[in-house]
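Colleague: I've got the model open and I'd like to go through some of the labels. Could you tell me where each one comes from?

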Amino acid sequence: MAEIPLVEMKGISKSFGAVKALERVDLELYHQEVLGLVGDNAAGKSTLMKILSGVYAPDEGEILIEGERVEFASPANSRSLGVEMIFQDLAIVPNLSIAGNIFLGREPVKNFLGIKILDKRKMIEESRQAVGRLDVDIHSTKLTSGGLSGGQQQAVAVGRAVFFNPRVIIMDEPTAALSVKGIKKVLELVRELKERGISIILISHRLPNIFAVTDRIVILRIGRRVGERMTKDATPEQIIDLMVGMD
Amino acid sequence: MTPDRPKRTGKYVIDGLRKFGQFREAPSLVALLGIVLISSLISPYFFTGTNIKNILTQVSIIAVLAEGEALVILTGGIDLSLGSVLALVSVLIGGCMKWMNLPTYLAVLIGLGSGTLCGLTSGLLVTRVKIPSFIATLAMMAIARGLALIYAKGIPISMFPPEFRIIARYLGPVSVLTLIMIGMCVIGQLMLSWTRTGQYIRATGGHEEATRYLGVNVDKVKLFAFAFSGFCAAVGGIMLTARMDSAYPNVGQGYELDAIGSAVLGGVSFTGGVGSVGGAFMGALVITILGNLLNLLRVSGFYQYVFKGIILAVAALSLSRGVRYAK
């Protein structure tokens, strides 16, 4: 009997005005799997993932999580079902503190005379643990995020995704803006998260990174799914051929 | 590392100043203290009890409007309709009390409700119809002014019942108007810094898309800010009507500019996300004291506009801490 996928996207279509971004795309993600999602520019990778994270609603198609049909009216819905996304621009709000960014959308509150007020101490302490695990040099999570370096901002974005014990983490081009050392760290993180039982979808232009950590690769081209390979059986040349349509 | 530091006490003073300088509201506070100092040097009447009482009463309405404006600007928008909404609320409660003989509390509730409704409408235009807030509230500015003129038929309404006039009374040294202002500002500031709503208001102004991606209902946040701004305009309208004991549809013209000016003087960033209600209150005080000083010096009202404009431009200059690019 086949395993029920953790996430199953069936026949997803999405248009922006006259532009068809996705056409009947299927995607499945299994438990504790690292899936590489590759494709040339405008292949629809980010759009597909923004549908899975609840940012966009699909025009057609359905999403199943552990075999149950779900509908996301907002990213809040997908996040509450354990789907986190690390966005390409990291989605850091520069004027909020690091703690504020990590808890954005799910701030802990306490009751004060019948009014729910922010539990700032909890936010600061728990966010310190969240970034502390990532071995980056951040003195205080009270600081505003605007002044952080690119690597530190990424640590905040990762800390935010990991903190709430997700089942799925989507990473959109996590290595695009990083140094060689930074890339190595991200790849180590992907392996570590997998060890912890989290499934990961990795979008990247860098095929060496994809080959270094993924179990399976799905290839998109101009809004369609054009292929799937097990990483251990594939070669970069095959993948590139599928990406650009030389098959 | 600087090689020689003369005195440690000096270092602490400088560190302290540096820390103070990092507060967004620091320039506003300096400006406020500066203008108080200058005023007291120039005019012997400035520090008299009556004058202080006057200032605190005068600032009340502007500070309440500035609070609403600050929240909208914090989300990255702007509200140009405050003065008109204030006028509409003013004639509405006037008409309710004088023409329809409704009880005072009901008139006040109707006023608060209609002001909030105006703000809500602007908010819906911005979030649902996707009109930029500048245009949406410009439309609301015209509509509310027009409705005020239509409803009042251009005539002032005056002589309100004594229980309504309580709002403009003095309780010992402070007026009820001042107390309303303090209450509104304290509530606004607490909401901004201690609630999720406040956090989302600042997040929306800081990076709207990111805030949306993380599951915050940004449209609801904006709707709230505009509705609250309309509510503030309504409170201002009620305060002004009580103070003048009359309501006429042309009142409050240019008040939105004072409110925007107060917010900017108080360190509220025009790009959104940064600033506070407390800052906007300080900005309102600076504008009011400036007007008061010019009045004490018998400067004509015409010149006062020019002065206010210059102060505002200078304030905006001192608050811009952007990157300096090569030409």
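Colleague: Start with helix α4 of chain B: what makes its reach close to the expected one?

Modeller: α4 of chain B covers residues 82–98, which is 17 residues, and spans 24 Å from first C-alpha to last, against an expected 24 Å. The expected span is 1.5 Å times one less than the number of residues. Helices here are DSSP runs of H or I with at least four residues, strands are E runs of at least two, and both are numbered from the N terminus. This is a predicted model, where local features need pLDDT of at least 70, side-chain atom pairs count only at 80 or more, and totals for chains, interfaces and linings use all residues. Residues are numbered from 1 along each chain as its sequence is written, while chains are lettered from A and ligands numbered from 1 in the order written.

Colleague: Why is α4(B) called largely enclosed?

Modeller: A residue is buried with 20 or more other C-beta atoms within 10 Å of its own, exposed with 12 or fewer, and partly exposed in between, with C-beta atoms placed from the backbone. In α4(B), 15 of the 17 residues are buried, so the rest of the structure largely encloses that helix.

Colleague: And B:A242, how do you know whether that one is buried or exposed?

Modeller: B:A242 has 24 C-beta neighbours inside 10 Å, so it counts as buried. It sits in helix α11 of chain B and touches B:F164, B:R165, B:I167 and B:A168, leaving out residues up to four places away in sequence. Contact means C-beta atoms, placed from the backbone, within 7 Å. B:A242 and B:S90 are 152 residues apart in sequence, yet their C-alpha atoms are 9.1 Å apart.

Colleague: Why does B:K153 get the class it does?

Modeller: B:K153 has 10 C-beta neighbours inside 10 Å, so it counts as exposed. B:K153 is in the loop between α6 (133–152) and β1 (157–158) of chain B, and its phi, near 50°, is positive too.

Colleague: How do you know which way α3(B) runs relative to α11(B)?

Modeller: Helix α3 (residues 49–74) of chain B packs against α11(B) at about 175°, with the axes 8 Å apart. Under 35 degrees is roughly parallel, over 145 roughly antiparallel, 65 to 115 roughly perpendicular, and the rest oblique. So α3(B) is roughly antiparallel to α11(B). Axes are lines fitted to C-alpha atoms, for helices over the stretch in contact, and angles run from 0 to 180 degrees between N-to-C directions. The contact has 13 nonpolar, four polar and two charged residues. Nonpolar means Ala, Val, Leu, Ile, Met, Phe, Trp, Tyr, Cys and Pro; charged means Asp, Glu, Lys and Arg; the others, Gly among them, are polar.

Colleague: Last one: what makes chain B as compact as a globular protein of its length?

Modeller: Chain B has 14 helices and four strands. Its radius of gyration is 21 Å, close to the 20 Å from the globule rule for 327 residues, so it is as compact as a globular protein of that length. The radius is taken over C-alpha atoms, and the rule is 2.2 Å times the number of residues to the power 0.38. Of those 327 residues, 50% count as buried.

How values were computed
Two residues are in contact if their C-beta atoms, placed from the backbone, lie within 7 Å.
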